[in-house]
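Let's take a walk through a two-chain protein model together. Keep the picture open while you read.

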Amino acid sequence: METMPLIEFQNVTKRFGDKTVLDNLNVKIYENQITTIIGKSGTGKSVLLKHIIGLLKPDEGTILFQGKPVNAMKKGEWEKYRSTIAYLFQNNALLDSMTVFENVAFPLQQTTNLSKKEIEKKALKRIEDLELTEAIDKYPSELSGGMQKRVALARALVEDPKIVLFDEPTTGQDPIRKNMILSMITHYRRKFGFTAVMISHDIPDVFFISDRIIILWEGRVGFQGSYEEATTTKIPLIDEFLRSLDGFQDELTGLLSREAFRIHYATMLGGPAKSVAISAAVLNVRLNILQDALGPQPAVEVLKALGEYTNSHFNAIGGFSARYSRDQILTIFPHTSVEEAKELVARFARKLQQGVLDNINGMALAKIDAKESFDIYIRAGVTEVLPNDKIEQIIERAEANQEIIATHRCNCEGSVQ
Amino acid sequence: MEGTGSPRQNNPLALLFPATGRWAIRLVGDLGAIAIFFFLAFVNIFKRKQLHEIVRQVYYIGARSSLIVMLVGLFTGMVLGLQLFYTLVKFGSVGALGSAVSLSLIRELGPVLTAIMITARAGSAMTAEIGILRISEQIDALYSMRIDPVRYLISPRIAASIISFPLLTAFFDLIGIIGGYITGVVLLGTNAGTYFYRVQSSIDMIDVRGGFIKSLVFAVIVSCICCFQGYFCHMRSDGYGAKAVGLSTISAVVLSCVFILVADYAVTSFLM
């Protein structure tokens, strides 16, 4: 049975004058997921968010919350629905004449009947949760962009919302701040258990933290599903959107794109008449875990370092590699038996350990105030490539043989060990 | 064929009528919008959690304006004393100086000048503050927090204006009468007893009430126009962002002053 969406748009149309911004839109947002909405400018992303919070009303169609039409709600139900949603504006929209504490306490003062003491207690708790205690008496203009974002998040979370809407949270931010904001969203979503809906142009960074992606195309849904579904679905629109990701991947790791890898594999090795030994190795780094510890940007940097090193090392001995999923690199060794491939991988691991992983500490330093220790594990699985093997079959077998080939303990001046 | 055109195109009056009609329709529409805006804001004055914000606004609009209002009142009274003294001397009626100064102030100059001074000081600030909240999405943020922006931003300002305008007008009148005393009695030598006797005997309750009615009307006009201009500054067609805030502030001050004078005439004609 299909899970009931938390919020569902059914044939929603919105026009501004002659311009149709949302055109018969059908969107599903599920509970406890991070849903990212991407699309070109002017395709109605912000309009969609504003419909969820009630800043705009649809001209046609229905918006359902837990299966119930929002427009048919009575005043009390509507207020209750609204109380479950918080909105994080692109520019934070903090009340600039109020201090951090006043900003965070403000929604409670205005919309609840809590006593002054209770309000103070709740606001202080959120301020503490978001590590803003030192800035409690400061005004927004006295804070850095990242801190302002945290204050906005504290204000949004002070009423314990079920849904938080993020309008382009990372646009215009430098890589370190972008990383911090994305980490913050994933971290606090897990901590407080809210459903996040996010508009972003930061492809592919947002894919690392998103459970579900919605691509808007001229007011309609071009695609909605998981990142994996997006990369395996053959729809020209998705290809157009993800081309930037492919380009990024190539640029990121220096490896072949998946399409190029397929062609390479098919022409050189895929024919049925080949009888020479061929082996394959799958290298893997658990990006999700890495990302939790360091944040998305350093995680990508680690992957980049791994990709570059794999490329330079195996290319020299005739292998060719591609990033086959977010955190997995597939390498094919022509004219190589499994034993030889294992030996090559072992040698690669030793050099990787000495030459590359030691540099990761520098990246780990970008994670501010990290208190948890962690190890980076590089796993590899080697397998034989059989005639007529599909790439997916090779990956599946290699994954079954995976074992840790290199580890690195991050030592971030004592804060990450 | 050259030199021809429809009779309508050649007739300047025919071109004037549609333009006037469009202007009139827009004016009626705007006035209607301001009336609805005022109604919603007024109703929200009586909702809970408003007292604190109203008191704060009374401080900003009222208490903080009192000094400038008293200063203007003092010099207005002094000028009145001076001008009326030399006019009344010509008719041998210097004894009526107290009546002339006090009635001029209480019936007309007090309410009008007080309203114009508050417009310049607090009205422009209202528009600019609300306008900045609008363009920086802080008003949308209030809505997203389930706080009615009209209730939180507009209602307290209208309530505070209704409270402050009559009080400041009373200050203005009082200080103005003292100003008239300074020039008429202290500097020009009119009898002090006669001055105050004339003040007391010529002022009726109807004059005081009329002045207060005017100040209440001006309070509604000024606060509505200034808040409305700031609240909807993002919908201006002649400017965006900071420029829109600037233009709205200019519009608010100019419109408030014009409507104060128009309303002054209308209310006076009703009261007389």
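What follows looks at each chain, then at where they meet, and finally at a few single residues.

This is a predicted model, in which local features need pLDDT of at least 70 and side-chain atom pairs count only at pLDDT 80 or more, while totals for chains, interfaces and linings use all residues. Residues are numbered from 1 along each chain as its sequence is written, chains are lettered from A and ligands numbered from 1 in the order in which they are written, and side-chain values use heavy atoms, with hydrogens and water left out.

**The two chains**

Let's start with the overall numbers. Helices (H or I, at least four residues) and strands (E, at least two) are DSSP runs, numbered from the N terminus. A residue is buried under 20% relative accessible area, exposed over 50%, and partly exposed in between (1.4 Å probe, protein chains only).

| Property | Chain A | Chain B |
|---|---|---|
| Secondary structure | 14 helices, 15 strands | 10 helices, 0 strands |
| Residues | 417 residues | 272 residues |
| Buried residues | 52% | 45% |

Walk along chain B from the N terminus and the elements read α-α-α-α-α-α-α-α-α-α. Its C-alpha atoms fill a box of roughly 75 × 65 × 30 Å, taken along the principal axes.

In chain B, take the contacts between residues at least 6 apart in sequence: 83% of them join residues at least 24 apart. For chain A, residues 24 or more positions apart account for 72% of the contacts with a separation of 6 or more.

**Two crossing helices in chain B**

Two packed helices are described by the angle between their axes and the distance between the axes. Now find helix α2 (residues 12–45) and helix α9 (residues 205–231) of chain B: their axes come within 10 Å and cross at roughly 105 degrees. That makes α2(B) roughly perpendicular to α9(B). The axes are lines fitted to C-alpha atoms, for helices over the stretch in contact, and angles run from 0 to 180 degrees between N-to-C directions. Under 35 degrees counts as roughly parallel, over 145 as roughly antiparallel, 65 to 115 as roughly perpendicular and the rest as oblique.

Which residues do the touching? On the α2(B) side they are B:Ala33, B:Ile34, B:Phe37 and B:Phe38, and they meet B:Val220, B:Cys224, B:Cys227, B:Phe228 and B:Tyr231 of α9(B). Sorted by type, the contact of α2(B) with α9(B) has 9 nonpolar residues, no polar and no charged. Here Ala, Val, Leu, Ile, Met, Phe, Trp, Tyr, Cys and Pro count as nonpolar, Asp, Glu, Lys and Arg as charged, and the others, Gly among them, as polar.

**Where the chains meet**

Across the boundary, 15 residues of chain B are in contact with 26 residues of chain A. About 1900 Å² is buried between the chains, and carbon and sulfur atoms give 50% of that. Buried area is the accessible area (1.4 Å probe) that two parts lose on being put together, summed over both. B:Tyr143, B:Met145 and B:Arg146 supply 36% of the area that chain B buries against chain A, more than any other three residues.

B:Ala141 sits in helix α6 (residues 138–144) of chain B, and it is buried, with a relative accessible area of 0%. Leaving aside neighbours within four places in sequence, B:Ala141 is in contact with A:Phe89, A:Ala93 and A:Arg155.

Apart from neighbours within four places in sequence, B:Gly110 is in contact with B:Leu105, B:Thr169, B:Phe172 and B:Asp173.

In chain A, 7 of the 9 residues of helix α1 (residues 45–53) are buried, so this helix is largely enclosed by the rest of the structure. After α1(A) comes A:Gly54, with a positive phi near 95 degrees.

Finally, B:Glu137 has a positive phi near 65 degrees although it is a residue other than glycine. B:Glu137 is in the loop between α5 and α6 of chain B and is partly exposed, with a relative accessible area of 22%.

Key
Contact means heavy atoms within 4.5 Å.
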